[in-house]
Amino acid sequence: MKRHAFEFDPEIDLKRYQVWYLDGSHSIPPWTPMFAWTWCNHLRHAHVWAAGRLSLPNNRGTDWREIDGCAYCTPTPITDAAEIRQRETVFRERIRPFLEDYDAVWQQAVRELHGLYDPLKRFDYEEATFDALYENWEDVLAMHRRMWELHFYLMYATYTIYTLFEGLCRELLGIDDTSTLWHRLMQGFDNDLFEADRKLWELRLLAEELGLTEVFLSSPADQVLPQLRGSARGRQWVEALAAYLDIYGWRMPRMMEFNCPSWREDPTPVIRHIQQFLAPGVSFDLDRKRPALVEDRQRAEAEVLARVPPEQREWFSKLMAVAQKAGVFSESHDFHFEHQAHAIFRRALLGYGRRLAAKGCLAAADDPLFLVPDELRKALGAPEYHDLRPVVAARRKEFADYSQRLDRPTLIGNLSLEEATAHMVRAQDSIMMKITIGEFPQVRPELAADLYGIAGSPGVAEGPARVILDERDVGEVQAGEILVAPITYSGWTPIFPLLKGVVTDRGGSLAHAAVVGREYHIPIVVNTLEATKKIRTGQRLRIDGYQGVVYILE
Amino acid sequence: MAKWIRWLEELCQADYALVGKKCANWGEMAGLGLPVPPGFALTVEAYEYFFARTGLRRKICAILDDYAPRLEEYRVYLEASQAIREVVEGEELPEEIAAELRRAYAALSLRCGTVAVPVSVRSSGPVSRPGQFETYLNVKGEAMLCRKVVHCWSSTFTAQALAYRRQRNLPLAEEPIAVGVMRLVEARAAGVAFTADPATGATDRIVIEGSWGLGESVVGGRVSPDRFVLAKQDLSLISSRHGEKGTKVVATTGGVEEIAVEAAERARPCLGLEELTYLGRLVLKLEEHFGVPQDVEWAVSATSAFPQNIFLLQTRPIAGLSLGAAANWEPRATSRTPTDHIIDLMLRRVFQSS
């Protein structure tokens, strides 16, 4: 039986749509029912809402369906010329604030969100009445829905500007978003996630200062905290950790799911990062590298501007400056949007779970992950009249089965990979192109590489591979390795100082790995489609971030 | 559905990987309702199939292996080119492709109201390489068409093309291209039009160069052409210089021929004012659509009356124009501030509308 109305139905969904693209960036491995629901409802809604709010002339947003925990999307371009013209007039005014004062629009959105987050972060799930819990669930849903609305409102506008700048550069300068000059223009920017990493590095320095290095390095990560609590200096560090988690702990190793504990719930990932940071030879050189990157970016800007006549420089620099914010936006928004909203959402689900379990309505705290919102509404509205345990048990069984099926078709429909790419290009959906689906790589036999992808950040590196399929294994990464993953999430930034390079199966030039790689000045190759299938941990790799290719050396 | 053929009507700008830039833009022009001759494209895949199927790829690699150590002097490139082109042109078009090609050609001829329509056979690479590959004019009959397609593919192994690829570390042994098959415009006059001055980068004007006969003489630089400059704003004639136009290329029974132009004809401008203005309006539509100054090939048919006699044959961005010049296209009336200008660009380029 269907859980919701956005489950894929070939009878309906392939009648007028030609093709559906797997969102391998986010939905591999497959999601729990609650998360999949929020994606197909709130996130899908937000695409439509934002495209309408901005009045994107030829795009109604993206449509989404679920197939067994995986998301598939397809563009919905507008083809009626009269409608396009009508939308254009409105678009002119709606896009203007982004060009006139981008930062103001950004700050207003962030303020609005934190206004929604703050009371939810303080909400006491143990003491609240069921009336309050019921109301809280509506607030959580409203917060989450609003988060996605603002998210896509900002993202469509930002990437449209980015796409214009990229198009001008491609045609006129012969560079695109896979060229080195392009990456130079986009590097040397700080963002709010880096700030979190910087503070994490300060915790590492504190551990060293307090003489705790031995404690960290001699015990497994999950036993470090109990040991620290045994000494005064250890407790001092634990207090600093608590202060850190208060601000930066609203994140989960997998950003797009509810099934991993947040750092606040279980700080073991933080401890593991501190251990990684304390290993010999690791340095946090983001800030040391930054001035050189900034200087190099300024040189690249000057190079580009020199080719623009003086009377045209005003609008061109303005456009460039806003386009450059795309990378910062990509990372900073993760911190303020998905990380926090999803961690808050999870905290609420577990809170309801505990309370409903006590009423015999559910069996375990994380049972709500296997429900959809209406079912939870029923339960919270009248807990004593519902027993949802059989429903959850059945869903858990289904999930155990489909979550193991990682090899999902990239496309569903009647188009070849090439035709599907052309279809996506024609639809001109900047978010699909740059993030969720990415441009498909071209095989370039002359390079005789083992994998062909998209150049995400320039440079060449050699080193042993570390294949990570599950975000919970990020702690296994050793200094000097090349990370190979389906995609990297912004929760993974702390390991970047350790890495020589990154190869991903999916993602475009604004994907997380590419943006962060440029700041750490390491080569990144994205959208290879099959790196995690072809590469095994320990194999030596050479990755070429100029060409976007990978060589397996042994 | 044909495997290797795409009709003009099926093509648009996004298809450049499949049918090369020239053909993709040809389709885009048709989609805009601009006057282009009818025809079809043989896809890049046909090239790949031909070289794989015939075993040519292996043979070419073997020849290149022989020459590779000595590929320094241009003379050696010439020798290598000759050796490769000999084996390539010694091959027949595989029947699978030939059959499709014959079918499409017959259909095109029928559309043009004849049995063997004269066509031009044009190379069309996914990456622009102006002037590197060959184009054949006035190709008639299916046997000749099949030959010329092979010649077109073979022209990816000219000494010039080999040297170019070598210099840029591109693979030498192939450069897949598509081939455009376009009804020949039996031109009274032909030439090129630029929607910015390619020499100075000035974007307030349109520069049109033309001469008598088929476009070959202007494109190939064989004559000193007429040169007309129009103001972009109102398409008024700013200047016109009459070239010598000593010879012209004309279609003959077996191909084309260069003949002398009579004295009286030399002195006359090859385009009338009415034709100039009309052509100017057409190329401006192209610039508006593509968003950057265009380099357009045009022809005026000898067999039809104005304005049905004017055809656009290909378009591409003007090569080597500095960014400044190219970006300085006519701001619209609404573009009062830099923000307006950016929004205009966004509407025209990102959403490719208005």
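In the predicted model, A:V19 stands opposite A:G413 of strand β4(A). A:V19 belongs to strand β1 of chain A, which spans residues 19-22. Strands β1(A) and β4(A) run antiparallel and are joined by three bridges.

Helix α16 of chain A, residues 417-427, packs on the sheet. Helix α16(A) touches β1, β3 and β4 of chain A. The direction of this helix makes about 95° with that of β1(A). A further helix, α2 of chain A, covers residues 33-54. Helix α2(A) lies across β2 and β3 of chain A, where β3(A) comprises residues 70-77. The helix runs at about 170° to β2(A).

The sheet itself is open and has four strands. Their order is β2-β3-β1-β4 in chain A, and the pairing is antiparallel. Strands β2 (59-67) and β4 (411-413) of chain A each have a single partner strand, so one side of each is left without a neighbour in the sheet. From one strand to the next, the twist averages 30°.

Chain A is divided into four parts: domain 1 (1-94 + 408-436), domain 2 (192-278), domain 3 (359-406) and domain 4 (438-552). The C-alpha centres of domain 3 and domain 4 of chain A are 37 Å apart.

The second largest pocket holds about 610 Å³ of space. It is lined by 25 residues, and the closest to its centre are A:I28, A:P29, A:L406, A:D407 and A:P486. The lining divides into nine nonpolar, six polar and 10 charged residues.

Key. Residues are numbered from 1 along each chain as its sequence is written. Chains are lettered from A and ligands numbered from 1 in the order in which they are written. This is a predicted model: local features need pLDDT of at least 70, side-chain atom pairs count only at pLDDT 80 or more; totals for chains, interfaces and linings use all residues. Side-chain values use heavy atoms; hydrogens and water are left out. Domain bounds come from an automatic or database domain assignment. Two strands pair if DSSP finds at least two bridges between them. Helices (H or I, at least four residues) and strands (E, at least two) are DSSP runs, numbered from the N terminus. Axes are lines fitted to C-alpha atoms, for helices over the stretch in contact, and angles run from 0 to 180 degrees between N-to-C directions. Contact means heavy atoms within 4.5 Å. On a 1 Å grid over the protein atoms alone, a cavity is a set of points where a 1.4 Å probe fits but cannot get out, and a pocket is an open set with protein on both sides within 12 Å along at least five of seven lines; lining residues have an atom within 4 Å of a point. Grid points are joined across faces, edges and corners, and a volume is the space filled by probe spheres set on the points. Ala, Val, Leu, Ile, Met, Phe, Trp, Tyr, Cys and Pro count as nonpolar, Asp, Glu, Lys and Arg as charged, and the others, Gly among them, as polar.
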